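Please open the model in your viewer and keep the selection tool at hand.

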Amino acid sequence: MDSIKEAQDSPKTYEDIISTLPKDNGWKKPLYLYQGFWYIAFQLEGVIFAQQNFQTQPGDIFLCSFPKSGTTWLKALAFAIVTRNRFDPSSNPLLTKQPHDCVPFLEMDYFENPAISGPGGLSLWATHIPYASLPKSITDSSCKIVYICRDPKDVFVSLWHYLNKLRADKFEGTPIERAFELYCNGSSLYGPQWDHVLGYWKASLERPNQVLFIQYEDMKKDSIFHLKKLAEFIGYPLSLEEESEGRVQKIIELCSFENLSNLEVNKTGKRTHREVEGGKMDNNAYFRKGEIGDWKNLLTSEMGEKLDNITEKKLSGSGLTFS
Ligand code: PAP
């Protein structure tokens, strides 16, 4: 604990590391290139802190994603699966807490409070850290890792809307064409997205018992199949009896965009966010549309084609595609 406290109390260490890194000033906040991926300074501090201090406990489960790929949904699903026999359905914390407040982020919540764990001391963690930069205690363990990915076109559009909400000044200095260009070049928070996705994809092929790779679009199209697969993978399989009682469907409904986005906590609540003026972010910023293909409402077909071409090139030979 002393080493944790020391590291927390010596932000200069982070400043020293960060000040030597390549910097991109294209977005309003500068991004720093660390181990092949771009970060905002405060998140990078959390990544380094986790790398230096995080100790995996047996049974820990890690929910990993590139931002805007379905993190909130995956958190809700995993939380609902793990807690289904712990809470009465009418008192599940998901009904009164934003999913991000049910499953802590490694590089944010753990950095702020190393003693943190989810409600009820659950072993669920989430992170946007790329596979190659995960704390060694995670990759050296046999703990389960679940990764959710999403079509880059929808991810970019989701990110664009989110950042507009995050920064009330509407992206001062970063028009959408420029943001798109930066994104295509890989310069976005935790980007390049393709490298992020490939890191986990390869890990899922090499260590299929440890890493489960899910696509947002597949989860949307066949929620029952993927929910059962997820539950089994993380060690909380649904029994035949539970299936016949309709528990699978109930979890899907509880975690559906429609249900979660209409809960009071997610309509009007706020959560702490260091990036926002006043330090609070509206919970509804994490629930916008939750649809496949919404990119068509913001990007031109040329922009869509450009992202598709990059995706095809980057993922070529990997066996991974976005349908
Ligand atoms: P984060 O990385 O900041 O946590 P994340 O949850 O990964 O964000 O992504 C947010 C997207 O997931 C939003 O997509 P959109 O902008 O295209 O609408 C959000 O609407 C969507 N989302 C949130 N909850 C759900 C859900 N329960 N089912 C499906 N999609 C969801």
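**First stop: the ligand and its shell**

Helix H4 supplies three residues to the shell around the ligand, the largest share. Please bear in mind throughout that this is a predicted model. Now display the whole shell: 22 residues surround the ligand, and the closest are Lys68, Thr71, Thr72, Ser158 and Lys289.

A backbone N or O atom of Gly70 lies 2.9 Å from an oxygen atom of the ligand. With Ser158, a polar side-chain atom is involved, and the distance to a ligand oxygen is 2.7 Å. With Lys289, a polar backbone atom is found 2.6 Å from an oxygen atom of the ligand. How much of the ligand's 640 Å² does the protein bury? Taken alone, the ligand exposes 640 Å², and the protein buries 97% of that. The elements that give two or more residues to the shell are helix H4 (71-82), helix H10 (216-221) and helix H14 (257-262).

**Second stop: helix H7**

Select residues 152-166, which form helix H7. At the start of this helix, a side-chain oxygen of Asp151 reaches to within 2.8 Å of the backbone nitrogen of Lys153. Then check the length of the helix: at 1.5 Å a residue, the 15 residues of H7 should span 21 Å, and the end C-alpha atoms are 20 Å apart, which agrees. Why is H7 described as largely enclosed by the rest of the structure? The reason is that 13 of its 15 residues are buried.

Move on to helix H8, residues 176-184, and colour its buried residues: Ile176, Ala179, Phe180, Leu182, Tyr183 and Cys184. What covers these buried residues? The cover includes strand S1 (23-24), helix H7, helix H9 (193-206) and helix H16 (301-315). Just after H8, select Gly186, which takes a positive phi of about 90°.

Helix H9, part of the cover of H8, contains His196. Is His196 buried or exposed? It is buried, with a relative accessible area of 1%. Show the side chain of His196 and follow it to the backbone oxygen of His128, which it reaches at 2.7 Å. Leaving aside neighbours within four places in sequence, His196 is in contact with Phe37, Ser65, Phe66, His128, Ile129, Pro130, Tyr147 and Tyr190.

Select strand S6, residues 144-149, and find Cys149 within it. Cys149 is buried, with a relative accessible area of 0%.

**Last stop: Glu45 in helix H3**

Finally, select helix H3, residues 41-53, which holds Glu45. Glu45 has a relative accessible area of 15% and therefore counts as buried, because the cut-off for that term is under 20%. Leaving aside neighbours within four places in sequence, the residues in contact with Glu45 are Tyr14, Ile18, Phe111 and Arg274.

How values were computed
Residues numbered from 1 in each chain as written. Predicted model: local features only at pLDDT ≥ 70, side-chain atom pairs only at ≥ 80, totals over all residues. Heavy atoms only, no water. Buried < 20%, exposed > 50% of the residue type's maximum accessible area, 1.4 Å probe, protein only. Helix = DSSP H or I, 4+ residues; strand = E, 2+ residues; numbered from the N terminus. Contact = heavy atoms within 4.5 Å. Near = heavy atom within 4 Å. Polar contact = N/O pair within 3.5 Å; in protein donor to acceptor, adjacent residues only side chain to side chain. Areas by Shrake-Rupley, 256 points an atom, 1.4 Å probe, with all protein chains shown as cover. Expected span 1.5 Å × (residues − 1).
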